[in-house]
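Please keep the sequence and the structure in view while reading.

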Amino acid sequence: MNFPRHDQPPEELTDQLRGAVLPMSRWGSLLCFLAAIGYTATNMCLRQLAALGVDPMWATAMKETVAVVVLGPWFLLQVGRGRRFFPSMGWISLGAVSALIAQFAGNIFQQWSFGVVGLAIAVPAIFSVSLTGGALLAWLCLGETVSVRTMGALVLLIVAIGLLSSGAVQAGSFLPEASVEKMLLGIMAACVAGAAFAQLGLLLRMASARGIPPQAVVLLVTGVGAGLLGPLSLWRLGPALLVQTTPQQWLYMLAAGICNLLAFLAITTGLRWTKLVRANLLNAAQVAMGALAGIAVFGESWNWAVGTGVALTILGLTLMGSPKREGYSNPEGNFSPKAS
């Protein structure tokens, strides 16, 4: 490897360093793709838990507990060494409020929607609202401009939500007792979850702009989930819940937590080395994989409206990244909505 000389002009140094970093973009793309697989595996585990009749709050709490158990010791060690993750108590309070929204209106509603309309419909709906809401919040709160390309993508995502709703009614639910009203509520729950993830994404961007590592924010979010949803589940359903949870259910909750954490670590690393457009394409792959998993693995219904809605979601995701902004991104620039 040729190291740069101290007397090289800045332009030559930049070109040489860019050439040295270029191979890392392949690793970045691979990690982002592995993250998409990890999040799809997480959703498949959550979908199976819904089919097994596990309470959505309890399933969410146990999934979040895995991240707390793994990241908690690292966080305490860093704090013990004098490292400050949050600049003030105000930021911690802001993060806690955002975490409450993400847990109660995001993860719980998502889990419930999986049990009503399934992966093939819920995942594209969540992504559509998350990205649409994220763009709106960035415009309102951060003053970011919305390009014509992005506006076109948002229109496609909104149309996709309508088609997915229509497709859910036509396809019918995998639950025999589910009525049309309940299926529409399932779509609404997925949309609410997407909106909750959009506000969490805004917090992650704001925190990263202040130099707060995303791991600290995610640990705060998962800590709120494990610390509140677990006790609330035991209070609602009684201590017998621990005994009534079968080994199979424990296994799927553990697997969901592990896959979610591994996907988060992969995407926070991969987004440092890949480009925005490529990352959006990989996000689109996540939507496609979720839809295929719902149909192939869980036997969910499929019709032209659902297929068109999924296709429009994928197209909207690919349009969200503008070629003018291509460059090596960081986690706050394109964080997955499923990082909680």
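Helix H6 comprises residues 180-209, which makes 30 residues, and reaches 44 Å from its first C-alpha to its last, close to the 44 Å expected at 1.5 Å a residue. The expected span of a helix is 1.5 Å times one less than its number of residues. Helices are DSSP runs of H or I with at least four residues, numbered from the N terminus. After H6 comes Gly-211, whose phi is positive, near 85 degrees.

The model is predicted: local features need pLDDT of at least 70 and side-chain atom pairs count only at pLDDT 80 or more, while totals for chains, interfaces and linings use all residues. Residues are numbered from 1 along each chain as its sequence is written, and side-chain values use heavy atoms, with hydrogens and water left out.

H4 is followed by Gly-143, which has a positive phi, near 70 degrees.

**Salt bridges**

How many salt bridges does a search of the whole structure find? The search finds three; a salt bridge is a side-chain nitrogen of Lys or Arg within 4 Å of a carboxyl oxygen of Asp or Glu.

| Pair | N to O distance |
|---|---|
| Arg-47 and Glu-300 | 2.8 Å |
| Arg-236 and Asp-55 | 3.1 Å |
| Glu-64 and Lys-63 | 3.7 Å |

In the salt bridge of Arg-47 with Glu-300, Arg-47 belongs to helix H1 and Glu-300 to the loop between helix H10 (276-296) and helix H11 (304-320), so the pair ties together parts that are 253 residues apart in sequence. Arg-47 is buried at 3% relative accessible area, and Glu-300 is buried at 7%. Here buried means under 20% relative accessible area, exposed over 50%, and partly exposed in between, with a 1.4 Å probe and protein chains only.

The salt bridge between Arg-236 and Asp-55 also links distant parts of the chain: Arg-236 is in helix H7 (residues 214-237) and Asp-55 is in the loop between H1 and helix H2 (56-80), 181 residues apart. Arg-236 is partly exposed at 40% relative accessibility, whereas Asp-55 is buried at 17%. In the remaining pair, both Glu-64 and Lys-63 are buried.

**Aromatic pairs**

The structure contains three aromatic pairs. Rings of Phe, Tyr and Trp (its six-membered ring) pair if their centres lie within 6.5 Å; planes under 30 degrees apart count as stacked, over 60 as edge-to-face and the rest as tilted. The rings of Phe-75 and Phe-85 have centres 4.8 Å apart and planes at 25 degrees, so this pair is stacked. Phe-75 lies in helix H2 and Phe-85 in the loop between H2 and H3, so the pair ties together parts that are 10 residues apart in sequence. Phe-75 is partly exposed, at 21% relative accessible area, while Phe-85 is buried at 5%. Ring pairs also join Trp-74 with Phe-75 and Phe-85 in a cluster.

**A buried serine**

Is Ser-98 buried or exposed? Its relative accessibility is 4%, so Ser-98 counts as buried. Ser-98 lies in helix H3 (residues 89-114). Leaving aside residues up to four places away in sequence, Ser-98 touches Gln-199, Leu-200 and Leu-203, where contact means heavy atoms within 4.5 Å.

Conventions: Helix = DSSP H or I, 4+ residues; strand = E, 2+ residues; numbered from the N terminus.
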